Amino acid sequence: MDSGKLTTSYYGFGGKEDLGGGLAAQFRIEGFFQADTGTEGRFTGDATWARTSSVGLSHADYGSLNFGRNSTQLFISTLSFNALGDSFGYSPSIRHYFSSSTVTGDTGWNDSIFYSSPAFGGFRFGVATALETGSASTDGENWGLNLGYASGPLSAALVYQDVKKDSAIAAVDNTTTTQLNGAYDFGVAKAYLQYGTVENDTTGNEFDIVGAGVRVPFGAGAAVAQYGQIDAKNTADRKTFTAGYIHALSKRSELYAVYMKDKVDGLSSGRAYAVGVRHKF
């Protein structure tokens, strides 16, 4: 029995006020919880509003600017271009970037400023920074950039981020990450490709991360499959494969069954089988 494996369980609320002339004020406050125990946060010690806690301004012609705790562009891009979405439990892409000791820092940045542009002929871009708030010897700045394209069946994204602190404003290994993503919807199936590099400037280790996946509409739901691989310079390589079926009971409720095989060089293979329910409201 576990919680939040297909999508990390969270709740939240937000609002938007029309200020006239196309300008609006907006806010979001969102927190994680573990539904099997009622515990708040993703883990012991997690902040109450660890998902998003921001206030900002938006304009139809000029984009949006948000201040506070914001999800990183790398996390949003990773979840958008793989068949298992934002699943920390089963997505090889999410696991390889955010729980395999490759990228440092959290999926959201405290004390951050995030600008997102409007669409220009299918193109969008974004810029984010997490500000230095203490001693430069223990607290650096984070930076992130993204360029995305979406038109018809084709979508793509290029993301870069440089990390020197985590969500608790503590010093971490300095890492720079570049990720290139693509997806194409053929109608009968949607295909996903990812390639990324992570350079740990503190340890000198380097990682190449590749991923490929497919989502095939089938019956009242979809069959999904995703493969991912980490090629490491100084540590063990890792290969992960996940396949499953997500069955829609309604627009908000789904049943799912998943199989995952995970292999780290030098260790025996791990296999996981899961069935569950996801409700979105």
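**Hairpins, positive phi values and a pocket**

Reader: Through how many residues does a hairpin join E14 to E15?

Author: This is a predicted model, in which local features need pLDDT of at least 70 and side-chain atom pairs count only at pLDDT 80 or more, while totals for chains, interfaces and linings use all residues. Residues are numbered from 1 along each chain as its sequence is written, and side-chain values use heavy atoms, with hydrogens and water left out. Strands (E, at least two residues) and helices (H or I, at least four) are DSSP runs numbered from the N terminus, and E14 covers residues 238–248 while E15 covers residues 253–264. The number of residues through which the hairpin joins E14 to E15 is four.

Reader: Which residue of E15 is the bridge partner of Ile246?

Author: Two strands pair if DSSP finds at least two bridges between them, and E14 and E15 pair in the antiparallel sense over eleven bridges. In E15, the partner that Ile246 meets in a bridge is Tyr256.

Reader: Which residue of E16 is the bridge partner of Leu255?

Author: E15 also pairs with strand E16 (residues 270–279), in the antiparallel sense and over ten bridges. These two strands form a hairpin with five residues between them, and in the turn Gly266 has a positive phi of about 90°. The partner of Leu255 in E16 is Val277.

Reader: Is Ser101, a residue other than glycine with a positive phi, buried or exposed?

Author: Ser101, whose phi is near 60°, lies in the loop between helix H2 (92–98) and strand E6 (108–116). With a 1.4 Å probe and protein chains only, buried means under 20% relative accessible area, exposed over 50%, and partly exposed in between. The relative accessible area of Ser101 is 69%, so this residue is exposed.

Reader: Which strand supplies the largest share of the lining of the largest pocket?

Author: On a 1 Å grid over the protein atoms alone, a pocket is an open set of points where a 1.4 Å probe fits, with protein on both sides within 12 Å along at least five of seven lines, and lining residues have an atom within 4 Å of a point. The largest pocket holds about 990 Å³ of space, a volume being the space filled by probe spheres set on grid points that are joined across faces, edges and corners. Of its 33 lining residues, the closest to the centre are Leu6, Thr7, Arg278, His279 and Lys280. Strand E1 (10–20), E15 and E16 each supply at least two lining residues, and the largest share, five residues, comes from E16.
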